[in-house]
Amino acid sequence: MKVGFIGLGNMGAGMAVNLLKAGHELAVYNRTAAKTDALVKLGARKAATVADASRAEVVMTMLADDHAVDDCVWGERKLLASLPIGAIHVSMSTISVALSKRLADAHAQAGQRYVAAPVFGRPEAAAAAKLFIVPAGDAAAIAACQPLFDAIGQRTVPMGTEPSIANLVKLSGNFLIAALIESLGEAIALVGKAGVDRKVYVELLTSTMFPAPAYKVYGNLIAEGKFQPAGFAAPLGHKDVRLMMAAADDLRVPMPIVSLLNDRFLRLLAHGGEALDWSAAGGLALQDAGLGAVVQ
């Protein structure tokens, strides 16, 4: 397929490589142009502008937040103005429910198609084509994109015809991971202060009652205090917690743990944790217990 790919950060770069490996014709754009160089060497075409990348059957965006997506989509020589009629915008970014609804309306008015398809998985999963993809939108548009999803992920789980539902599901999943990070940090701090080897403790948990990959990945990061380089930076984690708070407020669903997590991320960022992985929020419990500072 003829694909435009916009956003070559920790996640997007690996996804784009796997699209090329699958034989798709790829035009790549990134605000920092140097990030396209490695992909051009693999056969991608360097797009000079967002508009250039958007002249395709499908344009996929993998951007940091609502502001970046808004800036990419609206305006002259941007995605909405350049995507052909009938072509598909696949937004894979973790964005707000409200923005996803705006995107769906805008593309419909322009005669284009829109699929929200956020992903679960860290950069290593993106590089290995092991992401879990959660698309929602027109069924025919999702089916047309399935070869692309197959190239970058291990499983696709459609969530219906309303695109914003996929974004809500993604936010709910990140909320659960953030809650897991906090609870792991507290448990590791408890046994660690009593003298238990933290890595042995995590091995016990992840080989018995909690074998899920998230427990293993985040448990080891917290036990080792290894929060750099950031696979998913703390400010992005805080952004997702705030988007979850907004969604819960809109639906009038009390979520007290979300409020707690918001405070934890605020504390981490207030103490200089911007460059750390979001798992560093779990390290705050160790710091509270007197087991060392999270930010060195």
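## Starting at Arg264

Select Arg264 and, leaving aside its neighbours within four places in sequence, you will find this residue in contact with Glu182, Leu284, Ala285 and Asp288, where contact means heavy atoms within 4.5 Å. This is a predicted model, in which local features need pLDDT of at least 70 and side-chain atom pairs count only at pLDDT 80 or more, while totals for chains, interfaces and linings use all residues. Residues are numbered from 1 along each chain as its sequence is written, and side-chain values use heavy atoms, with hydrogens and water left out.

Arg264 sits in helix H13, residues 256–270; helices (H or I, at least four residues) and strands (E, at least two) are DSSP runs numbered from the N terminus. With a relative accessibility of 14%, Arg264 counts as buried, a word that stands for under 20% relative accessible area, whereas exposed stands for over 50% and partly exposed for the range in between (1.4 Å probe, protein chains only). Show side chains next, and look for the polar contact of 3.1 Å between the side chains of Arg264 and Glu182. A polar contact is a pair of N or O atoms within 3.5 Å; within protein, one must be able to donate a hydrogen and the other to accept it, and residues adjacent in sequence count only if both atoms are side-chain atoms.

**Helix H9**

Select residues 163–193, which form helix H9, a run of 31 residues that reaches 46 Å from its first C-alpha to its last, close to the 45 Å expected at 1.5 Å a residue. The expected span is 1.5 Å times one less than the number of residues. Just after H9, Gly195 takes a positive phi of about 100°.

**Helix H8**

Move to residues 139–152, helix H8, whose 14 residues should span 20 Å at 1.5 Å a residue, and whose end C-alpha atoms are 19 Å apart, which agrees. Where does H8 kink? The kink, of about 45°, lies at Gln146, shortly before the proline Pro147; the bend at a residue is the angle between axes fitted to the seven residues ending there and the seven starting there. Colour the buried residues of H8, which are Ala141, Ile142, Cys145, Leu148, Phe149, Ala151 and Ile152.

In the loop between helix H11 (213–224) and helix H12 (234–251), select Pro229, which is joined to Gln228 by a cis peptide bond with omega of about 0°.

Arg77 has a positive phi of about 60° although it is not a glycine, and at 62% relative accessibility it counts as exposed. Ala129, in the loop between helix H7 (123–127) and strand S8 (131–133), also has a positive phi, near 55°, in a residue other than glycine; its relative accessible area is 18%, so Ala129 is buried.

**The whole protein**

Finally, zoom out to the complete protein, which has 14 helices and ten strands. Its radius of gyration is 20 Å, close to the 19 Å that the globule rule gives for 296 residues, so the protein is as compact as a globular protein of that length; the radius is taken over C-alpha atoms, and the rule is 2.2 Å times the number of residues to the power 0.38. Of the 296 residues, 52% count as buried.
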